[in-house]
Structure formats: C-alpha cells, structure tokens
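Let's take a walk through this one together, chain by chain and then across the places where the parts touch. Have the viewer open and follow along.

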Amino acid sequence: MGYLFSADNWEWLWTENNARYLLEGFLINLEIAAIAMVLALAFGLALALLSLSALTPVRLAAKGWVDVFRNLPLIFLILYLALSLPESIKQGWQENAPGFLPEALRGQLVLAGILGLVLYNSAVIAEIMRAGILSLDRGQREAATALGLSYRDQMRHVILPQGLRRMVPATVSQLITLNKDTTLVSIIAIQEAVRSGRILTQTAGNPFVGGGDVQAPILQVMIFVGLLFVVVNYALSRVSRRLEVREARRSAVRPGVSVGGGAGDEALRAGAT
Amino acid sequence: MFDVLTEHFDEFASGFWVTTRLVAASFVIALVLGTVVAALRVAPSRWAQRLGGLYVEVFRNLPLLVLLFISFAGLRRAGVGIGPWTAGIASLGIYTSAYVAEALRSGVSAVSRGQREAALSLGFTPLQTLREVVLPQAFRTVIPPLGSIAIAMIKNSAIVGASLLALPDLLKQARVVNSNTFQTTESFFWAAVGYMLLTLTATVVFRTLESRYAVRR
Amino acid sequence: MKTHHRRLWLSMLAVLALALGAAACGGDDEEEPAGGGTTTATDQGSAQAEEFPAGSTMAKLQERGVIRIGVKYDVPPFGFENPRSGEVEGFDVDLGKAVAEKLGVRAELVEAISDNRIPFIQDGTVDLVLSTMTINAERAEQIGFTDPYFIAKGRILVPKDSDIAGIEDLAGRRVCTALGSTYEETLKREAPDADLRLVDAYSECLELLQNGAVDAISTDDVILTGMIIQDDSLKLVGDELTTEPYGGGFKKDDTQFAEFLNGVLEEYKSDGRWQRSYDRWLGRYTGEQQSPPDQTLDEVLQASQ
C-alpha cells in the first residue's frame, strides 16, 4: 500500500515533460480510434448492405467474411498483418502519408495496425447495423412497398435512417471498445500511450539514455495511463446512455431494449458481437 | 500448408492447451466475481451499489493490456510475488467479470417486478428473493449474452499471450512457428483454426444451454 | 442538464484540465520530443558519391536518395532510441551511417524487432538490417549476410545474488530470451529443461528479470552488457555458450550489394572507425579491448555447421 501511494513513486508525474509525453501518446490512441472508426463505419455499412442482399452468393460471402473477422482475436489480425503485409503497401504508406498526421502515425506498421482495427471493427459494426436494420418493424418495409417506393428509395429514406439511428448507442459502445483496442498497436511498436509508458519506465532516471534523475515506476505510470482511458471512455459511455434514452423516448421503446436487447448490450460492449 | 501443421503440431497443440486453460479459469473467475458485483449493484444498500458501480465502470473502460501491466509488472515491482499465470487469469477474469456483472444486472432488472413483489409478500426476505427467485430467472435470460462474453474473452486471451507475461499461448506459438519456418500465413492460419475451434465450442455450448433453459414466456 | 450530470461533466473536465496543466507546467521550454514513431531520419550530407553500375542495388539506392536500415531501438549500446531527442544511436547505427555515407544517401532508420527482421528484408521494407543479428546457416537460406562485423559471445545474465553459475544450472529455472532469436534454439538445445519465456523485445526480458518473474536472461554478452549499464545489480555468468558473429542482412543472392557492403566494412575496420565506435559504445563500459573480426562469411558459416 505504501508503495502505491508513496510520493516518491509519483514524482515523475510532474518532472520534466513526462506527463506530457504520456498525454501525447494518449492523443495518438484517440486519433487512431477516430480514423479506424470512420473507416470501419464506412466499410461496415457496405458489408451490412451486402449481407442483406437478395443475391445469395453475395449475401453468403458477406456473412462469411463478417463471421470470420468477428471471431478472430484482434491482436492476432494486427500481428499477422504486421508480419505479412507486402512491401509495396508498407512503403507506399511510408512515402505518401499525409503530412498533417503526427510522426507516430506515419510509420510503416501503422497501416497494419489500422487495417487490423478496421477489418475487425467493420465486421462487428456490420453485424450491429444488420441487426439494427432487421429490428425495424416489418410494417415499415411493407408500408414503404405499399407506397410504391423502390428498394433503393426504401433503403435510403425509410429503412436506413431509422435502422442506423437505432444502432447509434451500440456504435458508441463499440467506439469505447475501439479506444481500448488501440492500445494493442503498442505491441507493433507504434508510439501510443502504453508504449510511451513503457519507454518512460525504462528511461526515466537513467542518465545513460538522457532520462534525468527521477525514476518512473511502472505501476504508477500504468495507473496514470489507465486513468486516462477510464476517464475518456466513461465520458463516452455517458454519451451513449443519453443517446439510448433519447432514442427510446423517440421510438417508444423501453430503454435497455435496444439493438440486441439489454443484456445483449453488455455482450456488445465486451467486444463480442 | 499442411506440413507446417504436422511438423510443428506440438507447438500448436501446447499453445492451444495453454489458451484453453487460461480461458476456462478466467471464465470461472469472471462468473464468480461478476455475480458478486451484480449482487452489490442490486443490493438495497447505497454504498454497495456505488462500490459495484465503481468496479464496473473502472474495468469496463480500462484496456486489458494496461490492466495486465498493472497486475503483473506493477504488482511485482511493489513487492507482490504474483506469477504470470495468476496475473493473466486474474486480469482476464476481473476484466470480463465487469461485463458479466452488467449482463446479470440487466437480466435481473428484466425479471418482472411482479415476481419480486410476489416473493416479498410470500414472506421471503430481500436476500432470499434475490437468491431463490430473481437470480435463477435472471441467469436464464442472460445465457445468450454470457455466450457472447465468453467468445469475447477467448479473443481477449490472445492479448494476455502477447503481453509481457510471456505465457506460451496459441498466438505466441504461431509466432514461434513462424520464426522457425518463415511461413507466416500458414503458421497463423493454423492458429486461427485453433481459435475458431474454441469460439465454435463456446457457441455450441451456449446454444445448448439456451435451448435447455429457454425462458418460457 | 440535471445538476448531478453537470457536476459530473465539470469534474471530468477539471481532471483533464489539471492533467494537461500539470503536463504543460511540468515541462521546460524543452523541445517537444520527436514522439518516436517507428522511423527516424538522419541527415547525411552526401560526400563524394561513387558511381555504381546501373541496375545494381547501390545505384537504385542512390537514385532513391535514401537507404532504409533496420536497427534495434531498445538494445543499448548497439541500437537504441533516446526517447527525448528521438535520436537512434549505437554501434550498429554507426556502421549503418557509414554505409549510407559511402553511397552518398540519407540513412533512414527503422525499428526491427527480432521476429520481423527477416520478413522486412524479404519484402523490401528495409534494404539492410544491422540489428545484432547472428549469422547462421538457417538464416543464410533466407537472406544474404555480410562478413561478420562483430563477434559477441552468448552468456547468461542474472541478479548478483543468484546461484546460477552456468548453463547447467538453468534446468527448471525461468529463462528469458527474444522470440525468433538464435538463443531460442540454443537454449532449447543446450538447456532443454529450462523454463523458456519468449518475449518480443529484450527490454521486456529486463523488466521480467528486474521484477523477479524470470531467473535469467540469455543472449549476446553485449546486449546483456547494455542491460548492466542500465542496472548494475546484475552480473554475467557462464562460459561462452556460443559465439555469435553479427552480420548485416540484405536480400538474398544480391552479390553486387554483398561485395559493396563488405568493401565498406573492410574500410570501416581498417581506417579506425570500427575501433572508435567500439570504444565509444562498448570499451568504455566493459573496460575490455577487442579488435575487429577478421573472418569471412564463409568461414563463419563453416564453423557453425
């Protein structure tokens, strides 16, 4: 207990720019999450629509794809991609990465990390979207057909807007999971919060590598990094809950019975669907 | 493709076995802890609810990798002689238990009020109501989400292996085989098969449980 | 917004603001850390750039203007990144810079961990790997090697109060080494009863040894020396397990490049730069002397059979 709270072990936090170093790393996590989320949403929507296609081979292929990627561990995908992505792609990114991206996101393995995150999360989101669309009352579709709307128009004006709105809370939940998952890219040496934390613990207090005098014990550093995530994710979860309540009020559905059902939500948040 | 499997079967098998043990032990812990925390959350006491709430919020929002560092490297540096297996199982178990707790809590609130009121009017104490009436029904409702949580946990177990706990799980063994054979796709393919075997088993188990204990409405 | 919610938001904002404030105040007007990332570019003014036959790797590199070199970022004193300045330095790095200088191109350093070194060469992510990589027959089937530029000896690192004195004592003890390194094989062979813990990077091994999760680390003595430099409560034990000749790695069958690299290495050894680099990174700490290796690649491969 003494070790946990001793002032000596927390001194690093206000020494030099240690805390800033960690916060900058954390910012990278958030950026990766944002980028991956946008891409996963786009790709996920495409997959969802494909998996609802009237053409059987297309539907089966899409569902198969989604099933495979939902059932593989994300770290597995990331490591595989890091070890096997062809040079042309890695090089291409290295050379053409947009300049506005921070240094940490222009490295060669960044693509492997982001691609892994997108492949996995798009499959999860596709499933969420599919459930959202299917959860719509049949009556909606039938009414739309009765009104003479074409399939495309039905989708665009009736089904998708409602179905997608249903899945917003679940998607925000997935964003929280995604946030946590961005820490996995530390394993392929991308300079985000966890990796920065590890480097800090190794170098702080070690004059040989220019780390100054104050050591940064790993317990405290990781607690700090953990707190960053807990605070931001907690905020996101409050947003999700507010959205859920609003949606429930709007569609006269009991809160807690959103896409997948109340208890099912937890499964979603566990990163399961 | 197949010779990678046959020549390195031992490595894959031992990795598969390590992952299985890790997952099984962690799930037990997750269920036990999750039930305790869920009970806290629905208990009549204010501080119990807050405590349970805090537990759930912390462990649902904390990345597993960070938890692993804290529970292994962090604790060891603080003088606690925790080993990698213990740290791995504890971390994965505690992490998953937060989700189990929330799933159970949702399940409990789904049990109709009428049930609770009937039990109380029959003279059950609140604790007895919880134990004999509410929880058993809640368990049945939550079998499907528990199944999903189990599958998520199987996937998360790979994080334990990739962390500095250095447990030789299935993913780690895939990398070992890869470094021996330089055949990345083949090595990872067979590991993927292993993971899918596990998730498939979990799916089958939970579907069976679901149909056996289906909530009759 | 309900009062209770508002307070929650405010308090969270306050926490974040405090954290950012602490970070901002805590820092000097120091330059922002480069943030690391996986590459670091160093500027090499092109000295007299030689001409190379068209179509050769050297010519292509000159055309590109940059050579990508895979080095370790966490193994002082061979390759390590100073996280504050973003500079990657070390014995391997010095040699890499010499190669770049000879070509008259910029050296771009990329981090190479043990199990991705060879894939990185094979797929062209890097042009050259100088990352404490041991020459052996198995690897020579996948990539090309230069002549050895350094001979390291395999040893064992333990805490000063450990009772392990050699490889025989490793039976039943927990030993750490890097995934994909030659020590994985060596230990499985020489100490089959040891409890092997494989990790991604030697820095993880050091953490495990320091917090007592493993009893020993086994790898090249200079990597181990780098750890002693960071933590002097450790000591080296055991006879030389193996000799580990380090070689630079590049794409297989590129004989022109091999010739070029070996030529650069020869010059490097004979004009004193090798010695200076050694003294700067190793001699200073080990107090030992060493002269540059004089075997050729073939001799080394023969010996390892």
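This is a predicted model: local features need pLDDT of at least 70, side-chain atom pairs count only at pLDDT 80 or more; totals for chains, interfaces and linings use all residues.

Most residues other than glycine have a negative phi. To find Thr132(C), look in the loop of chain C between strand S7 (128-129) and helix H5 (137-140). Is Thr132(C) buried or exposed? Thr132(C) has 28 other C-beta atoms within 10 Å, so it counts as buried.

Chain B has a case of its own. Ala166(B) is not a glycine, yet its phi is positive, about 55°. This residue sits in the loop that links helix H8 (143-162) to helix H9 (170-181) of chain B. Ala166(B) is buried because it has 26 C-beta neighbours inside 10 Å.

Now over to chain A, which is built from 12 helices and 0 strands. Of its 273 residues, 52% count as buried. As for how the chain folds back on itself, take the contacts in chain A between residues at least 6 apart in sequence: 75% of them join residues at least 24 apart.

Where do chains A and B meet? The contact involves 41 residues from chain A and 44 residues from chain B. On the chain B side, helix H3 (46-61), helix H4 (64-77), helix H5 (84-110), H8, H9 and helix H10 (184-212) each supply at least two residues. H8(B) provides the largest share of that side, 10 residues. Sorted by class, the side of chain B that touches chain A has 27 nonpolar, 11 polar and 6 charged residues.

Leaving aside residues up to four places away in sequence, Val66(B) touches Thr183(A), Val194(A), Met222(A), Val225(A), Gly226(A) and Phe229(A). Val66(B) also turns up in the largest nonpolar core, which has 231 residues; Val66(B), Ala191(B), Ile75(A), Phe76(A) and Ile78(A) are the ones that touch the most other members. Helix H6 (residues 110-134) of chain A gives the most to this core, with 15 residues. Chain C takes part as well, since at least three residues of this core come from each of domain 1 (39-149 + 247-295) and domain 2 (152-243) of chain C.

Those two domains are the way chain C is divided. Their centres, taken over C-alpha atoms, are 26 Å apart. Where they touch, domain 1 of chain C contributes 14 residues and domain 2 of chain C contributes 15 residues. Strand S3 (74-75) and helix H10 (273-286) of chain C are the elements that give two or more residues to the domain 1 side, and H10(C) gives the most, with 3 residues. That domain 1 side divides into 7 nonpolar, 5 polar and 2 charged residues.

Last stop: chain C against chain B. Here 15 residues of chain C are in contact with 14 residues of chain B. On the chain C side, the elements giving two or more residues are helix H4 (117-122), strand S11 (195-199) and helix H7 (202-210). By class, that side has 7 nonpolar, 4 polar and 4 charged residues.

Methods
Residues are numbered from 1 along each chain as its sequence is written. Chains are lettered from A and ligands numbered from 1 in the order in which they are written. Two residues are in contact if their C-beta atoms, placed from the backbone, lie within 7 Å. Helices (H or I, at least four residues) and strands (E, at least two) are DSSP runs, numbered from the N terminus. Ala, Val, Leu, Ile, Met, Phe, Trp, Tyr, Cys and Pro count as nonpolar, Asp, Glu, Lys and Arg as charged, and the others, Gly among them, as polar. A residue is buried if 20 or more other C-beta atoms lie within 10 Å of its own, exposed if 12 or fewer, and partly exposed in between; C-beta atoms are placed from the backbone. A nonpolar core is a set of buried Ala, Val, Leu, Ile, Met, Phe, Trp, Tyr and Cys residues joined through C-beta atoms within 7 Å. Domain bounds come from an automatic or database domain assignment.
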